[in-house]
Amino acid sequence: MATAQELYLPEDCWESIFKIFFNECGEHNRYLPSLSVLSKQFLSVTGRFQSSLVIFDQTLPFLPSLLQRFINLTSLNLAHITRDRDALLTQISCFTLQVKSLNLSNHASIPANGLQVFSQKITTLTSLICSNIGHIKKSDLYLIAEGFPLLEELDLSLPKDIDFYDDFDINAITLALPKLRKVNLSGNYYINDLSIFYVCRNCEFLEEVVMFNCKNLTDIGIASAIRERPNLMSFSINLSEAMSTSMELMDSLQSLERLSCLDLSFSYISDQLLSSLADKCINLRRLMLRRCTGYSHTGICNLLSMSGFLQHLDLQNAMFLNDYRVAVFSKFLFNLVSINLSHCRRLTESTLFELVENCPSLDEIRMEYTCIGKFGVEKLSSSTDFAHMKMKSLHLAYNPFLNDETIKWFTSICPNLEVLDVSNCSCISEGIVEVLRCCKIMHLNLSSCENVNLHAMNFQVPMLEVLNLSYTRTDDKTLDAISKSCSGLLQLELERCYSITGKGVKQVVEKCTRLKEINLRYCCKVSVGVGLWMGMNGDGVGPVVPSGLIALNDSLRSLKRLSCLELSFSYITNQLLASLADKALNLRRLVLRRCTGYSYTGILYLLSRSRFLQHLDLQNAMFLNDHRVAELSKHLFSLASINLSHCRELTESTLFALVENCPFLDEIRMEDTYIGNPCFHTGCTFSSRTVSAHMEMKSLYLANNTLLNDAIIKLFASICLNLQLLDVNNCSCISDEGIVEVLRSCKIVHLNLSSCPKVNLHRLNFQVPTLEVLKLSMTRIDYRTLYAISKSCSGLQQLNLEECLLVTAKGVKKVIENCTRLKEINLRYCRNTAADVDIWLAMALSRPSLRKIMAPSHFCPRDTKWKPLLDHGCFLSP
């Protein structure tokens, strides 16, 4: 038998072995069992492979030993630290490290003292990231320039405030950083034409420039700067309409012969600009036109036909695209690796088929918020052999028509699929099992797919590592199938899976031996007993109540004057609630938002003895149903407000019981419930009883009730005559019939109709003098709607039209002219509004009350254009 001495390998051999091993594992390294725990020799060897370290507050006590162990650290991330970063940088500088990258983002200021000490001790830094800093001083920039002359990458994006303007000498700073290759100055309002000119002229190695949302730049300034640095490889900037038609800018972009990445996201771009790039035959590898407006199929097709080497394409929100148009340009994209067509509402599964067939190198497709599944797959057939397709990632979230038939079809054309995201696709059910059977899925996101179950999964899925089942109807039977089939599972998301219990979770934990992470937030039926998680509670014993909770009971009972008790996001027991009830505390406010552990028995006992209670929050109390709320409401005579959101078994019967039994009730929150669903009725409905007016009711929050309909809305209009606030956003069954009746009968001041696709308010032909706030974002409103609003809502003060794609400047002008009290208007992503600044300026100046305009994304005027508006006291937000 060989001795330990004979089996010993020197550390350099192990280092070579581990290097090959880690390279093979790639991005899955973080899930591997730690080799360092196997032996002291492995501890020493593996320490040399750690090149980056993210430091948290919890890391600080162990930092000295970590810095001694990881001698080859080259990257430090301090973005998550909340403590004294000056002292931390001073401490780090005491170690002999060759740090090349330092991240100081997301803080109130740059730690100047610590950074100065760091720069004196560690002179190897080539990358400094200071993004999202609250306040940047001029001295900070001079410190960076003087202390780190070897910098190749500098990120100073998105500062909230600066203390310098005209006297800022960017020429001197860029001269002090001659090796700079990448610079990100996005969101810096002090950046002007001269600034970008000096950056490009003084940094001869500059390859990448990112300057999104720099409002002081002009087309002439950008063009002049680009000509100073013709070797730029990556350029990212926002363009206004005037810029996109500028001949100077077009000529300068054409001069960038090495340009491989062009990012014009959130810009107004013209077909003329795209055609000019095509004429020059620039060899783009990456083209990002995310949420751009102004261009058409002609322009993009012209450019793509000349971009044979393009690998990454982002056309998110290109609303002119349809299946045929994508099929046309996909034939030019032989080398395409990834494409983003999300929010292109006219695309179906035909587009997906054409991309897979015409782009053999395609690895990733994003088609979220499209119409995949709407027309079926029976007409899609091809002789193409898909067996060797490289397709690895498919992101299809928020496709309401995506169904089992389409999902099964995917398995036949993407046999090598590894990542599939179909979250919020409500029509998917058992078809997902076929995907797991036929593909090589490693990461599967089924979040909010309410009809999905994995009960039929009776085969091995050894490659599945990450599974997201949050917000689904997953139960213990599903967990049993997972535990038997997914032995390689590393991460399991079960947030808000209200049907699972500790028994099912325990089975997964026991059988999925590689499991690293599990998310059980708001799983109210899962025991919090420590014994369960230590393997000591396998006999079905109920949750273990910590001894500290008993002491808490006694301490709360001693507070004789306690009137407000908030235990949100806590585990509480019926014993605790009973002890409070027995003490007869005069509670006025009780907030048990998203609490677990207690039951109907405990809350009923407490509320029956809390006759002065005015505010009650039982959000996510999943044991509640209509009958139980009706019983509780009989004890709440003094109640003024109640929150029952996310209680999924409640219907309009609960609303009726509350209105009938609580005469002083002013506010009800019942978001994300089952109002309108007859399957869950457990008591009598509104129509079966006499309903009297409830004059106190002022606010009603019913968002995300997808079955809420006009009949219920009209009934409430007849009951709550003094209703002032109504929030029914994302209630897809509501139409004009119900909303107009509410506006006619009630005294509505604030109305939220966002994401209500059937509402257009064309029937609004009477005065609504009390309405002040109207939210219509992401709806199908058009000129007729805005005309009706301008005639009926003269007292309107705030109007939200974000992402209303049918809105035009003509309709907005009507509102601005006739709504004489209008103070704020939101037009973000209203792509059909005019881009002529003078038109909008004239409209805004015609309305003295207007104080805030949230402009469409294609508005990027120079500050001088908007100066009269700013002088007028109106704030323009991009």
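**Figure 1. Asparagine 704 sits in the loop between β25 (699-701) and α27 (710-719).** The model is predicted: local features need pLDDT of at least 70, side-chain atom pairs count only at pLDDT 80 or more, and totals for chains, interfaces and linings use all residues. Residues are numbered from 1 along each chain as its sequence is written, and side-chain values use heavy atoms, with hydrogens and water left out. Helices (H or I, at least four residues) and strands (E, at least two) are DSSP runs, numbered from the N terminus. Phi of asparagine 704 is positive, about 60°, although the residue is not a glycine. Its relative accessibility is 32%, so asparagine 704 counts as partly exposed. Here buried means under 20% relative accessible area, exposed over 50%, and partly exposed in between (1.4 Å probe, protein chains only).

**Figure 2. Asparagine 132 also has a positive phi.** The angle is near 60°, in a residue other than glycine. Asparagine 132 belongs to the loop between β4 (127-129) and α7. With a relative accessible area of 26%, asparagine 132 is partly exposed.

**Figure 3. Arginine 181 and glutamate 207 form a salt bridge.** The N to O distance is 3.5 Å. The pair links distant parts of the chain, 26 residues apart. Arginine 181 is in the loop between α8 and β6 (182-184); glutamate 207 is in the loop between α9 (193-202) and β7 (208-211). A salt bridge is a side-chain nitrogen of Lys or Arg within 4 Å of a carboxyl oxygen of Asp or Glu. Arginine 181 is partly exposed at 28% relative accessibility. Glutamate 207 is partly exposed as well, with a relative accessible area of 23%. The whole structure holds 13 salt bridges.

**Figure 4. Glutamate 510 and lysine 506 pair within helix α20 (residues 502-511).** Their side chains meet in a salt bridge at 3.9 Å, N to O. The two residues are four apart in the helix, so about one helical turn separates them.

**Figure 5. Arginine 648 and aspartate 672 are joined by a salt bridge.** The closest N and O atoms are 2.9 Å apart. This pair links distant parts of the chain, 24 residues apart. Arginine 648 lies in the loop between β23 (641-643) and α26 (652-661). Aspartate 672 lies in the loop between β24 (667-669) and β25. Arginine 648 is partly exposed, with a relative accessible area of 25%, whereas aspartate 672 counts as buried at 19%. Elsewhere, salt bridges that share partners join Glu152, Arg181 and Glu207 into one network.

**Figure 6. The largest cavity has a volume of about 140 Å³.** A cavity is a set of points, on a 1 Å grid over the protein atoms alone, where a 1.4 Å probe fits but cannot get out. Points are joined across faces, edges and corners, and a volume is the space filled by probe spheres set on them. Four cavities of 30 Å³ or more are counted. The lining of the largest has 14 residues (an atom within 4 Å of a point). Leu154, Leu156, Ile170, Ile173 and Leu185 lie nearest the centre. Helices α7 (138-147) and α8 (170-175) each supply at least two lining residues. The largest share, three residues, comes from α8. The lining divides into 13 nonpolar residues, one polar and no charged. Ala, Val, Leu, Ile, Met, Phe, Trp, Tyr, Cys and Pro count as nonpolar, Asp, Glu, Lys and Arg as charged, and the others, Gly among them, as polar.

Notes. 1 Å grid on protein atoms, 1.4 Å probe; cavity = no way out; pocket = protein on both sides within 12 Å on 5 of 7 lines; lining within 4 Å.
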